[in-house]
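Have the model open as you read.

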Amino acid sequence: MPLLRILSRPLLPVLVLFLSHASSHGAGVDHRESFRLLPPDRELLYLPAKYAPCFRCHPAKSVIEDEDFNVETNFRDTVLGKNLHSLHVYRQPHGTNCPTCHRVDPETGKVSIFPEVKLEMSDRGGACAPACHRPKKYENAGRKR
């Protein structure tokens with residue numbers, strides 16, 4: 001019997017949402033359109049509408065708005081209990097816009113970090129040494145291996 005017939009109707013939307021979310025994070029995701037729709041400013045007052053192109057696939061609650069948790073990207077400091085995306089985006093009076101650190105390959109649409117950000121990842125966290133702040137290390141006990 002097919003799996004979808006076994007599932008009760010109330011669970012079907014959850015399964016569809018899970019499968020679409022899981023497939024949206026594959027290597028073939030094209031981010032060119034989303035980045036094109038973001039405001040051009042490097043520093044930006046956080047308003048959810050300004051980041052709407054990102055929130056189509058990345059849930060605002062886990063990536064930006066939950067200050068002490070960021071499972072999707074692992075860009076968090078578990079020692080300080082801080083979501084580092086939240087720390088950067090919510091900084092006042094203006095936060096950091098996504099294209100300040102993230103770039104999109106013009107041919108594939110794949111997202112990466114600008115080399116100037118000097119982000120080094122490790123099994124237990126990472127280090128960042130961009131021109132905008134002094135070098136900082138962070139620990140992430142939950143990093144996937």
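Arg36 is exposed, at a relative accessible area of 56% (buried is under 20%, exposed over 50%, partly exposed in between, with a 1.4 Å probe and protein chains only). Its side chain meets that of Glu33 in a salt bridge, 2.7 Å from N to O; the term means a side-chain nitrogen of Lys or Arg within 4 Å of a carboxyl oxygen of Asp or Glu. Helices (H or I, at least four residues) and strands (E, at least two) are DSSP runs, numbered from the N terminus.

This is a predicted model: local features need pLDDT of at least 70, side-chain atom pairs count only at pLDDT 80 or more, and totals for chains, interfaces and linings use all residues. Residues are numbered from 1 along each chain as its sequence is written, and side-chain values use heavy atoms, leaving out hydrogens and water.

The whole structure has four salt bridges, including these:

| Pair | N to O distance |
|---|---|
| Arg36 and Glu33 | 2.7 Å |
| Arg91 and Glu43 | 3.6 Å |
| Arg124 and Glu139 | 3.8 Å |

How many disulfides are there? The count is zero, taking a disulfide as a pair of cysteine sulfur atoms within 2.5 Å. The sulfur of Cys128 is 6.6 Å from its closest cysteine sulfur, in Cys101, too far for a bond.

As for the backbone, the Gln92 to Pro93 peptide bond is cis, with omega near 5 degrees. Lys118 has a positive phi, near 55 degrees, and lies in the loop between β6 (111–113) and β7 (119–122).
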